[in-house]
Amino acid sequence: MQSDEDFSLNWKAVWDDVNLYFLLEFTDDVVTTGDTANMSAGDKLWMMDCAEVKIGGYFYRFGYHRDSEILLRPAEGQFNPGGYTQKSALVTGGYIMEVQIPWSTLNNDSVTIGLNPDAGTEFMLWVSGADLDNPAGKAWNDQDGHRHWPYDNGQEKVILAATAAIDAVAPANPANMASSDVTATSAKLNWDAVPD
């Protein structure tokens with residue numbers, strides 16, 4: 001890895017009564033799915049720009065633009081129960097992934113989160129990203145770099161924080177809305193901000 005501009009990863013997670021959600025934001029100067037046409041079946045499972053998430057004994061791999069694939073080797077203990085939704089998209093300077101994992105799929109002996117976790121629920125978590133600049137790469141050393149949280153490559157205990165209060169009342173309508181500089185492809189809008 002040459003620099004943070006070559007590859008870096010920021011991630012965030014939120015939750016509700018039904019799902020655990022991840023937003024994974026990658027800075028990456030070369031975004032690739034790997035050369036899937038010329039890879040072995042095993043290499044297609046991991047030689048790409050991707051993220052990996054471990055939740056207790058569960059292991060997920062999410063590949064850029066490989067949204068509908070389960071990218072794991074069960075024989076190597078990479079247990080993914082499926083049932084999640086993943087979407088990825090290019091953005092300026094890299095790509096993003098959004099992942100939704102139902103709590104109902106995280107319910108075995110090693111992870112006892114349950115169907116409806118509450119604030120204070122604890123579990124072990126690890127998040128990693130891998131950078132593949134050479135689409136023809138076929139070995140671990142062909143990847144340009146990796147980022148891990150926690151940095152020692154182990155899992156860290158996380159605790160679900162209290163949910164935020166939801167404001168169900170819509171804000172007031174803005175006043176004095178006006179447009180200017182209107183063209184066939186753009187327009188400027190201005191309005192007075194409302195206090196709420």
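1. Which residues make a nonpolar surface patch of about 350 Å²? Met177, Leu189 and Trp191 do; such patches join nonpolar side chains (Val, Leu, Ile, Met, Phe, Trp, Tyr) within 5 Å, from residues with over 30% relative accessible area and no salt bridge (a side-chain nitrogen of Lys or Arg within 4 Å of a carboxyl oxygen of Asp or Glu). Areas follow the Shrake-Rupley method with a 1.4 Å probe. Leu189 sits in strand β11, residues 188-192.

2. The model is predicted: local features need pLDDT of at least 70 and side-chain atom pairs pLDDT 80 or more, while totals for chains, interfaces and linings use all residues. Residues are numbered from 1 along each chain as its sequence is written, and side-chain values use heavy atoms, without hydrogens or water.

3. The chain has eleven strands and zero helices, assigned as DSSP runs (strands, E, at least two residues; helices, H or I, at least four). Of its 196 residues, 37% are buried, meaning under 20% relative accessible area.

4. Asn19, in strand β2, is buried at a relative accessible area of 7%. Its side chain makes a polar contact with that of Tyr21 (3.1 Å); the criterion is N or O atoms within 3.5 Å, one able to donate a hydrogen and the other to accept it, with sequence-adjacent residues counted only if both atoms are side-chain atoms. Beyond four places in sequence, Asn19 is in contact (heavy atoms within 4.5 Å) with residues including Ile101 and Trp103.

How values were computed. Buried < 20%, exposed > 50% of the residue type's maximum accessible area, 1.4 Å probe, protein only. Patch = residues over 30% accessible without salt bridge, like charges linked within 9 Å, V, L, I, M, F, W, Y side chains within 5 Å.
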